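Hello,

Here is the structure we talked about. Please open it alongside this note; what I found comes after it.

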Amino acid sequence: MIELNDVSYTYPHTTQDALHRLSLAVPKGSCIMVTGPSGAGKTTLCLAAAGILHHEFGGKKEGLVALEGKDVAAYASLSELAKTIGIVFDDPEAQMIFTTVEEEILSALEYRGLEAQVIEDRLASIMTTTYLTELKNRSPHHLSGGQKQRVALAATLALGNDVLILDEPTSELDEHATRRIVAILKSLKEQGKTILITEHKYAHFREIVDTLVVLESGSITAMGNPDEVMTDERVRTIVIPDFSGIRTRQQATATPAKPAAAPVVEVRNLTHTYGDVVALNSISLTIHAGEFVAIVGENGSGKTTLVKHFNRLLFPTGGDVIIKGKNTRSSTITELARDVGLVFQNPDHMFFADTVKDEVEFGIKNLGIPDGDALIDSALDKVGLRHTRDLYPRWLSRGERQRLAIASVVAMSPSIIVLDEPTTGLDGNEARVVMEILKDLQLAGHTIIVITHNREIAQQCADRIITMEKGNIISDSEPEAV
Amino acid sequence: MAEILQYVHKDGFFHRLNPFSKILFIIVVSVMCIISTNLVFLALLIIALLAIACAGKLYQELLDQSKLIIVMSAVFILITLITMPNGALIGYLIPEGIPVIGGLVPITMGGIEIGLILTFRFIALIFTFQLFLISTQPRDLVHSLEKLKMPIDYTLMFVIALRFIPTLQIEGNRIHEAQLARGYNPGTGFIGKIRSVAPIVIPLVSNALLRSNVMGLTIDMRGYRTGKRTVVRELKFQARDYGMALVMALVFCGFVALVLSQVL
């Protein structure tokens, strides 16, 4: 079991507590889920509970962290702690050291002082539990995010510890991959493992969670039986994203009717192949000015491949894409960037400047747009980040970084804004804020196209839902009446 | 996607060899490459390496490097032509008819020969190391180097550096795309090139540093540094390894004899 008693922690070179007088007990065989806004201290809590903060990080520590009844300070090193506890981090890529799935898990088993036959048996059993048997010879770069996360979990399970800590293991995974992780954790819980997990996807994990903890600004603000905790309306908005009313607000303001609006994106028999793999199979689609379109589908269904054609990051293998009357085949990426803004899933793939202002200015300068300062301030106002103008972008929380990514694109004033999974890694409130921003942008006249795994977002926010599967559009309809 | 120097899971004879046999193979071929200045011998060595790759079902993986090899070869030959003019003059890289710069960079037999020697050496060395790395599981490599008393931290560092080549390549592409979508247009000319590096390299390095932090913790939390390992699925020294050692010994003796008799 894990016990944290009155734990406070301040990172080196900072003055504010990352954890503040936090007390928490994870009893043997139970599953505790910690949730809260990005930047609330969830990862720090995981590091503290695993004893890593004590052994690897400097900073100011107070209170007691005990694992299986023993103070983490009494463990000689991380390797000693690793005999008791296993931790899975949110970035699966960083947890794959070797070049095949089987090798990764086998290597973790080899250092446990087990007999060779026991290792082979345990390897086979773990591969089955984590649905990895068929992937055993795959290399990391040939695995999907969900598969990689299962490998990281499997390698941690190989340690054979009864206590598991998982830091947002499904943050970048789609519905199917998330359900698989939940199924694995359910069977581990049934085997008597103690699980501490930080997550945003409460609905998926509800069936295995015994205690729900809400962490805000380093302090626990709610804790207890999930059903009881969720009766508090304020907590509910953090735990479960509530997108209700976003679309209807748009209807109240009566934007122009769709048929009257000009088509801004026309996709005609678009085909795209990667080698022998057909990623898009002759699809056709028209999106009108001012629409809010959600593109849904599982990983690998072709959603991202489709939108990358809108600004010519990908060139059609067959067919055409017409953006505001111009064929992308005869336009450059820079020209298209004036009309189509694309916000990728991971905002950290774009930040390089020293300040938020410079980051937003980058796109404006690239396009040679005059009066940059006014555009920067206006974009930052739209996403509520004006106060961070002079901060270093990577210091912002995940939610703020996501909004900054949107501002960086909005500042370039494209009429079409495409966003790939804009609510990844965000809590309920942050996700709602992002979707409200997008709705406001639509009201201001932009066409919004959102790629999402989350059907709730599509249902509650979009005017139109396009569902993709295996490179085809399988449905294109208005959201069902809610 | 180019998967440079990545382990390829196959069942070929080179995969079944003990890593030590392959290390011996690398040493012998590398020494011969470095000592020999005979073009015919180096060409035969490359053909032999391709034949070995063919037998070990790794031919395609070697040929995938053609682009890199062609570019590097051109660079080697150009550098030697410019810096080491020697022997009979064949002509000029810049024709004499052109005013002012005409007649610069003489093309000489000696220059071409040295360029070709460097190129052939380079190709042979690339093929040799590639054969070793793509046929040896990093786990076996770590354990072999451990037996040679290399500290585990260094061997893991080496393995991880190789393992992350494709990952960084993919990440670099994603960053490039994210910046292109913001109208990033890499400038032309030297200054433009230098300026255009920051938007790609800064996110790449920042993300890699964050990742290295998690990776370090993962290595510790999986107990890799405890040094107490149970030996599982170890590749034993078998008849084929003795055969390889014998062949390498004979090849090397033959090579030494040829060098001493000044044939090579």
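**Nonpolar cores**

The largest nonpolar core holds 86 residues, and Ala48(A), Ala49(A), Ile105(A) and Ala154(A) touch the most other members. Helix H6 of chain A, residues 145-157, gives the largest share of this core, with six residues. Please keep in mind that this is a predicted model.

Take Ala49(A) as an example. Setting aside neighbours within four places in sequence, Ala49(A) contacts Ile2(A), Leu4(A), Val65(A), Ile165(A) and Leu196(A).

There is also a second, separate core of 76 residues. Its members include Ala405(A), Ala431(A) and Ala462(A), along with Tyr184(B). In soluble globular proteins, nonpolar side chains tend to be buried together.

**A six-stranded sheet in chain A**

Chain A has an open sheet of six strands. The order is E16-E17-E18-E13-E19-E20, and the pairing is mixed. Which strands stand at the edges? They are E16 (340-343) and E20 (472-477) of chain A. Each has a single partner strand, so one side of each is left without a neighbour in the sheet. From one strand to the next, the twist averages 15 degrees.

Look at the E16 end. E16(A) pairs with strand E17 of chain A (residues 416-420) in the parallel sense, over four bridges. Within that pairing, Gly341(A) has Ile417(A) in E17(A) as its bridge partner.

Two helices to find on this sheet:

- Helix H16 of chain A (residues 398-410) packs on the sheet and touches E16 and E17 of chain A. Its direction makes about 165 degrees with that of E16(A).
- Helix H17 of chain A (residues 428-443) packs on the sheet too, touching E13 (292-296), E17 and E18 (447-452) of chain A. Its direction makes about 150 degrees with that of E18(A).

**Chain A overall**

Chain A has 18 helices and 20 strands. Its C-alpha atoms fill a box of roughly 70 × 50 × 45 Å along the principal axes. The radius of gyration is 24 Å; a compact globule of 482 residues would have one near 23 Å, so the value for chain A agrees. Buried residues come to 51% of the 482. Among contacts in chain A with a separation of 6 or more, 69% join residues 24 or more positions apart.

**Chain B overall**

Chain B has 10 helices and two strands. From the N terminus, its elements run α-α-α-α-α-β-β-α-α-α-α-α. The box here is roughly 70 × 65 × 30 Å, again for C-alpha atoms along the principal axes. Chain B has a radius of gyration of 23 Å, whereas a compact globule of 264 residues would have one near 18 Å. Of those 264 residues, 28% are buried. For contacts in chain B between residues at least 6 apart in sequence, 72% join residues at least 24 apart.

**Where the chains meet**

Best wishes

Key
Residues numbered from 1 in each chain as written. Chains lettered and ligands numbered in written order. Predicted model: local features only at pLDDT ≥ 70, side-chain atom pairs only at ≥ 80, totals over all residues. Rg over C-alpha atoms; globule rule 2.2 N^0.38 Å. Buried ≥ 20, exposed ≤ 12 C-beta atoms within 10 Å, placed from the backbone. Contact = placed C-beta atoms within 7 Å. Pairing = 2+ DSSP bridges. Axes fitted to C-alpha atoms, helices over the stretch in contact; angles between N-to-C directions. Core = buried A, V, L, I, M, F, W, Y, C linked by C-beta atoms within 7 Å.
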